[in-house]
Every structure is written in C-alpha cells, then in structure tokens.
Amino acid sequence: MEYVVQQILNALSFGAEYSLLALGLAIVFSIMGLVNFAHGELVAIGGYMMYAMAAIAIQSLWWILPLAVLFTVIAAVLLERVAFRPVRRAPATTGLLTAFGVGLILQNIFLLTVSARPRAVPVLGPLNQTWSVGPFTISSLQVMEMLATGVAIALLLLFFKRTPIGVAMRAAAFDFATVRLMGVRANRVIAAAFAVSGFLAGIAAIFIIARRGAVDPLLGFNPVLKAFVACVLGGFGSLPGAVVGGFALGAIEVLILVIMPQHWGGLRDAAVFGLVGALLVWRPQGLLGKTVELGDKEA
Amino acid sequence: MLEVSDLFVRYGRIEAVRGISLAVQKGEIVALLGPNGAGKTSLISAIMGLVPPATGTVRFEGKDVARLDVEDRVRAGMTLTPEGRHIFSNLTVAENLMLGAATRKKAGETNEDREKMLDMFPVLRERYRQLGGTLSGGEQQMLAIARSLMCRPKLLMLDEPSLGLAPRIVDQIFQLITNLRGFGLTILLVEQNAHEALKFADRAYIISTGRIEFSGPAQELRESKDLMQAYLAVDVV
C-alpha cells in the first residue's frame with residue numbers, strides 16, 4: 001500500500017514539473033508559433049540566481065524564492081526583446097534555430113562564468129523533508145510541488161479569463177492580426193507570453209534545484225526536452241493539452257519504472273519515448289489536439 | 001479627415017492598387033465600389049496599415065500615418081471592420097467587445113459604450129455570454145461592427161459588411177450603418193452591393209483594376225446608367 005501511494009506521488013510530482021515547463025512552451029507557441037528550445041536555459045538562469053543569492057549570503061527562502069522567480073521572468077522578457085523580436089517576421093525555422101542558438105550561448109556562458117561542474121545550492125534543503133501522514137511517510141517537496149503547480153494553473157486561468165492582456169493573449173492565439181486591429185500592441189502580447197512562460201520556468205527551477213541540490217549548465221535541458229514531448233503528447237499549442245500531456249508523461253514514466261526490472265533502469269527514457277511514439281501513431285494530433293486537415297479553414 | 005494620394009500597393013510583381021488618390025471629409029459617408037479583384041480591400045488594408053504601401057501617402061487629420069503600425073493608427077482614431085468579420089470565435093461576445101475597447105483607459109466610459117452597443121444591437125445582449133463562434137453570420141457582422149465602435153473611432157472603415165449575408169440581414173446591417181451617421185462618425189464603406197450602398201452614401205468612388213474610374217456624388221452615380229452597368233454589373237431598369 002505504501003509503495004503504491006509513493007509511486008502515485010512520484011507520478012504526480014514528475015507530472016507537475018513537466019506540466020509547468022510544457023505550459024511555458026505551449027503559451028509561447030500558441031501565440032507566436034515559436035518552439036522555444038531556450039526555455040531550459042531559463043530554468044538554469046533561475047537555478048544560478050538562487051546559487052548567486054546564497055553566495056552573497058541571502059539565506060531566507062522568503063527572499064530567495066520570489067526573487068528567483070522574478071529574475072527568471074525578467075530574463076524571459078529580455079530574451080524575447082534581444083533574441084526573438086528581431087527575427088519575428090522571419091520564417092518559423094529561423095525562430096527555431098534562434099532558440100537553439102540562444103540556448104547554446106547561455107549554456108556556454110554558464111560554463112565559462114561559473115563552472116561546467118554542478119554547484120551545490122543547499123539553501124533549498126529545508127523544502128525537502130519527510131512528513132509522516134498517518135501510516136505513510138511522504139516527501140514534503142512532492143506535496144509542495146503539486147500544490148504550487150495547482151496554484152500556478154489556477155492563477156493562469158484567472159489571468160486568461162479576467163485581465164485584458166490575458167484575454168488579448170487568448171485572442172492572439174486564435175487570430176493575431178485582428179488583435180492588432182483592435183489597437184493592442186503586438187509587442188505587449190508577446191512580452192506577456194514570455195513573462196508568463198518565465199514565471200512558470202522560475203517555479204519549476206525552484207523544485208528542480210530543491211530536488212537535486214545543485215545547479216549545472218544543462219539543468220533545464222533534459223526537463224524541457226521531456227516537456228516538449230509532453231506538449232506533443234497533449235497536442236502542441238493546446239494549453240490544457242500541455243497540462244494533460246505533462247501528467248500523462250509523469251504517469252507513464254513511473255509506470256515503466258515500476259514494471260521494468262531494476263537492472264533495466266537505463267532503458268527508462270527509451271521505453272518512455274517508445275510508448276509515447278506508439279500513442280502518437282494512435283492519435284497523431286496528441287491527446288487533446290484537434291485534427292486539422294489540409295484545406296480546413298479554421299485551425 | 002482622410003487624404004490618400006498616389007498610393008500604390010504591390011504583391012510581388014502584381015500591382016493591386018495603381019496610383020489611387022482619394023479624400024474623405026469629416027462626417028461624410030463615402031462608398032468605395034467596384035468589381036471583385038478591383039483592389040478595394042488592398043486599398044483600405046494599406047490605409048489601415050495591414051499591408052505596406054509601395055509608394056504614396058496616407059494622411060489622417062493632417063498627420064502622415066503611412067509609417068505607423070496598425071496599433072498606432074487605431075490609437076489615432078482609425079478603425080477597420082475587416083472583410084469576413086474576423087470575430088474571435090474562441091472568446092465570448094463580452095470578451096470580443098472588451099478587446100474592441102483595448103485602447104481605452106477609463107472603465108466607466110467603456111462600460112457606458114458597451115451598454116450603448118447592446119442597446120443598438122439587442123441580439124448581442126441575448127448572446128452576451130456565448131462564444132463568438134456560435135453566432136450566425138449576421139450576428140457576427142453586428143458584433144464586428146460593435147467591436148470596432150468600442151474604440152470610439154473617428155473614422156470607421158467597413159469592408160464588405162454585407163458579404164455572404166441573407167438579403168433580410170443585409171437590409172438590417174445597412175439600416176444600422178445609416179443610423180451610425182447620428183454618432184458623428186465618418187464612414188468609408190467598401191461594397192460590391194452598389195445598389196444598397198448608394199442609397200445612403202454621400203459620395204462614391206468606383207475602382208477598377210487598381211485605378212479610380214469615377215468619383216462624385218452618390219446621386220450622380222445612381223442616375224448614370226452607363227457607369228452602373230459598366231463597372232458595377234447593376235441592372236438598371
């Protein structure tokens with residue numbers, strides 16, 4: 001019983017992490033058709049910010065956590081301003097290559113200015129405790145990760161429903177040209193999309209660092225690769241799809257770990273991607289994606 | 001209020017607009033008529049800034065706006081209800097109207113205007129919480145016009161508001177446009193339905209293959225059998 005509960009918690013916390021990152025990718029993609037492969041480097045920036053704050057003797061989590069998220073938001077907005085805005089009118093492949101380029105440059109900046117090796121960030125240790133709830137012992141980090149993801153998704157829903165810029169973002173995902181015809185500035189909508197994706201990346205960075213206890217230049221690369229798979233699994237560009245895809249991927253991973261013999265552990269990712277591939281053969285548009293036939297008027 | 005001079009629009013090697021000059025005075029309703037493919041939509045898209053003009057100037061209230069982004073032209077007081085309506089079908093009627101007022105700051109005034117729109121288009125009040133995509137073509141056209149009016153434009157440009165609508169709905173739409181005159185609006189109307197448009201326009205231009213072929217009072221055009229038949233394929237009895 002305890003084993004089952006633990007595995008369910010594992011699946012949900014993996015899923016929460018993938019969902020946060022997948023949502024960030026999906027929001028930017030839905031508005032400007034850009035797959036931001038530099039998203040992982042935003043996570044790393046959040047991580048290095050926490051490392052830097054700890055290094056200059058800021059120890060209180062009440063300072064470190066909000067500031068890390070804030071810095072990640074600022075970094076995301078700057079990234080758009082400096083790297084993506086100049087190529088906005090270029091073909092989609094240019095944006096994609098720009099994202100890869102930006103990611104590589106940032107990884108190398110971390111490598112040159114900090115170190116290629118992981119740097120310990122022990123200040124987040126207090127987040128990672130063991131709680132006893134009745135007969136079960138559970139990880140505080142996993143519970144907080146799920147709660148934080150739930151709160152972030154709720155805030156996002158409110159933002160998209162209630163604020164003018166949120167409504168404009170939903171409209172822009174549908175028909176950007178007409179949003180501009182309403183007098184809404186294109187730059188503001190896109191900057192807002194990056195800010196939101198940075199916010200989600202910042203939250204993800206907190207939990208990734210708290211689990212690993214260290215930051216390295218490739219901190220965000222693998223999680224974002226998984227988040228990309230989650231997006232594809234859920235239906236690319238769909239925000240509910242990103243969440244569903246994230247949690248589905250988390251569940252599949254844990255399921256495969258449970259089923260496979262221990263000494264095959266190295267095959268985990270291969271098995272996960274194989275299964276996702278099989279799912280996509282069955283539903284090529286993803287779990288929540290809409291089928292768009294060539295020649296359909298509305299996407 | 002609006003002065004366009006010697007405007008060219010090119011798509012690659014194709015010239016859609018070839019040296020058009022026109023003017024719209026404050027308070028006027030001006031109709032832009034002509035057959036399919038004459039360059040009417042290209043012309044007002046260029047006036048609005050949706051397509052870049054190759055050469056020529058666009059002045060609005062005396063200021064050169066030819067280099068401004070669409071957003072800034074809207075802020076200057078121009079607006080366009082595009083052909084095909086372009087309703088946000090994933091948003092509710094309420095949200096569509098809210099976006100129309102995106103350039104406005106004062107919530108009180110915006111709410112007042114929204115009430116005015118809902119009085120003017122009662123069907124939108126009935127559909128207020130529905131998604132734009134669930135509306136009929138006529139209702140979407142009304143929503144598109146109401147959404148354009150939410151930014152309190154000085155100049156309203158309408159691109160083919162009657163396109164694809166049933167005759168009964170077309171009458172209703174044109175009646176509404178006539179009523180807008182009371183709001184002190186200046187209107188530039190693009191239409192293929194010359195017969196209807198000339199009923200209430202003050203002046204008209206006929207465009208064919210990217211050039212102006214006629215300009216003058218609507219009255220004069222209505223009475224000119226030759227022009228009506230030559231360019232507008234209207235049977236004059």
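I started with the surface of chain B: its accessible area is about 10,300 Å², and 49% of that belongs to carbon and sulfur atoms (Shrake-Rupley method, 1.4 Å probe; for residues, only the protein chains shown count as cover). I kept in mind that this is a predicted model, where local features need pLDDT of at least 70, side-chain atom pairs count only at pLDDT 80 or more, and totals for chains, interfaces and linings use all residues. Residues are numbered from 1 along each chain as its sequence is written, chains are lettered from A and ligands numbered from 1 in written order, and side-chain values use heavy atoms, leaving out hydrogens and water.

Next, burial. I found that 55% of the 237 residues of chain B count as buried (under 20% relative accessible area, 1.4 Å probe, protein chains only).

Then I turned to the cores, meaning sets of buried Ala, Val, Leu, Ile, Met, Phe, Trp, Tyr and Cys residues joined through side-chain atoms within 4.5 Å. The largest nonpolar core holds 124 residues, and A:Leu124, B:Leu2 and B:Ile47 touch the most other members. Another core, of 49 residues, lies apart from it and includes B:Ile29 and B:Leu176.

Conventions. Buried < 20%, exposed > 50% of the residue type's maximum accessible area, 1.4 Å probe, protein only.
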